[in-house]
Amino acid sequence: METTGTEIVRMFETWSPQSLAVEGDRIGLMVGTLEKNVQHVMTALDVTEEVIDEAIANKVDLILAHHPLLFRPLKKIDTDSPQGRMIQKALKHEIAIYAAHTNLDIAVGGVNDMLSDALSLTEVEVLSPTSYIALKKLVVFVPRTHADGLREAIGEAGAGHIGAYSHCSYSSVGIGTFKPGSEAIPFIGESGKQEFVEEIRIETIVPQAILPAVLEAMQQSHPYEEIAYDLYALEQQGQALGLGRIGELEHPLSLLELAEKVKQAFQVDTLRLIGDSKKTVKRIALLGGDGNKYVQTAIDRGADVFITGDIYYHTAVDAIEDGFALLDPGHNIEKIMKKGVAQKLSKLVQDAGHDIKITASEIDTDPYQYV
C-alpha cells in the first residue's frame, strides 16, 4: 500500500500535534513536499549536511527532525553556503524535511518524558504548563444487552480516565422510543411501528484529542444503525501539557551521585555541576534544550536540582547565591528523541497497517569537543 508523507505526518501529529508548539516556533514542513510516496523515514536531532548525506546513502524519503533546519528566516538560498547546499541536496534527492520542535517537547511521551523515563523518575508532573487537554462529556443510549460491551469498548479506546482510574462511567436505566421508517433496517422493531426499548444511558468523560477514536469504538460496538448520543464541552481542565518535567528519584542521592547517573542515562562523558556536590537531592526538575528561563520555576516547584542545557554563566552564579543546584549535560541530550520517535512512529504506522521503514540517524551532531 502506497503511503504519502502527508499520511505519515498525520499519524505522527495524532501524538505530537503542531497546536502544542509555543508561539512563533518554526515547525512543520521545512523542505520538499509531503505529497509523495514515502518508504523510508529517518529521525534526527539536527539536520546537518552529514545527516543529509546519510539520508541520501540510505535512500531516505523523509527526515523527521527535532531542531528546525530553517530556525531563522532565509533572505536567499545561496547554494554556495552550507545551508543552501543542504537545501539543494535535499531537493535534488527528493528528500522532504519536517521539524517537530516544541510540540515534541510538550507532547505526552515526547522529549521531556523520554528524559524523565531515562532517569526513572516517579510522580512526574509538567514543570511549566502551557495548556490543558480539553474534555468532552459523551452520553450514549444503548440497549441493556449491549451496555457492557459498549462500556468496555469506549474504555479501551481511552474514555473514562480520571486520575489513576480508567473505564469510569455512570449508567442509568430508561426507555428509548423510536419508529423505524420504510427504508430503515432496525436492530429492534418493525417499520412503521412505535417501539419502546429498555436502554442504558452511559455517561463518560473523553479528552478531545482521542474523541474520534472513542466515537469509532462506540459505533463499532453499538447494535443500532442510528445511534443516539450527545457531546458536551466541559469547563474543568484536563491533563496539563507543557515544557519540562518534575518528579522524584526512587532514593535520595548526593548531587555528585546524580551527576554520574545523568551521564550514564544520557550517554554523555562530561557535564557541568553547579552547587554543593554533597547536597542531597530527590525532587528533580528537568527540561531538554535551553532551560535558563525556567530555573526560577524549578525553585518555585520545590525541586532540589534542575537538569537542563546551555546554562549561562550568570544563571549559574545566581543559582549558587540561591543555594540551588544545576546540572548541565548539554543540549545534545535531546538525541534521545531519535530512537524514541522512531519507536513511537513505527507503532503508529504498523497499527494503521502501513509497511514503512523507520530508522534513527546514527550521526553525532554534537558541535562541541571537550579537550
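Guide: In helix 11, the buried residues are M337, K338, G340, V341, A342, L345, S346 and V349. The model is a predicted one.

Helix 11 itself runs over residues 336–351, which makes 16 residues. From its first C-alpha to its last it reaches 23 Å, close to the 22 Å expected at 1.5 Å a residue. Just after helix 11 comes G353, with a positive phi of about 85°.

Most residues other than glycine have a negative phi. K59 is a residue other than glycine, yet its phi is positive, near 55°. K59 sits in the loop between helix 2 (49–57) and strand 3, and K59 is exposed, at a relative accessible area of 69%. E94, again not a glycine, has a positive phi near 55°. Its place is the loop between helix 3 (82–92) and strand 4 (96–99), and E94 is exposed with a relative accessible area of 61%.

Next come the charged pairs. The structure holds 15 salt bridges. One joins the side chains of R301 and E125, at 2.6 Å from N to O. R301 is in the loop between helix 9 (295–300) and strand 13 (305–309), while E125 is in strand 5 (residues 122–132), so this pair ties together parts 176 residues apart in sequence. R301 is partly exposed at 26% relative accessibility, and E125 is partly exposed at 42%.

Another salt bridge is formed by K137 and E203, whose closest N and O atoms are 3.8 Å apart. Because K137 lies in strand 6 (residues 135–143) and E203 in strand 8 (residues 195–207), the pair ties together parts 66 residues apart in sequence. K137 is partly exposed at 24% relative accessibility, whereas E203 is buried, with a relative accessible area of 19%.

R283 and E248 also meet in a salt bridge, at 3.2 Å from N to O. R283 belongs to strand 12 (residues 280–290) and E248 to strand 10 (residues 240–254), 35 residues apart. E248 is buried, with a relative accessible area of 15%. Finally, E49, D53, R85 and K89 are linked in a network of salt bridges.

Note on methods:
Residues numbered from 1 in each chain as written. Predicted model: local features only at pLDDT ≥ 70, side-chain atom pairs only at ≥ 80, totals over all residues. Heavy atoms only, no water. Helix = DSSP H or I, 4+ residues; strand = E, 2+ residues; numbered from the N terminus. Expected span 1.5 Å × (residues − 1). Buried < 20%, exposed > 50% of the residue type's maximum accessible area, 1.4 Å probe, protein only. Salt bridge = Lys/Arg side-chain N within 4 Å of Asp/Glu carboxyl O.
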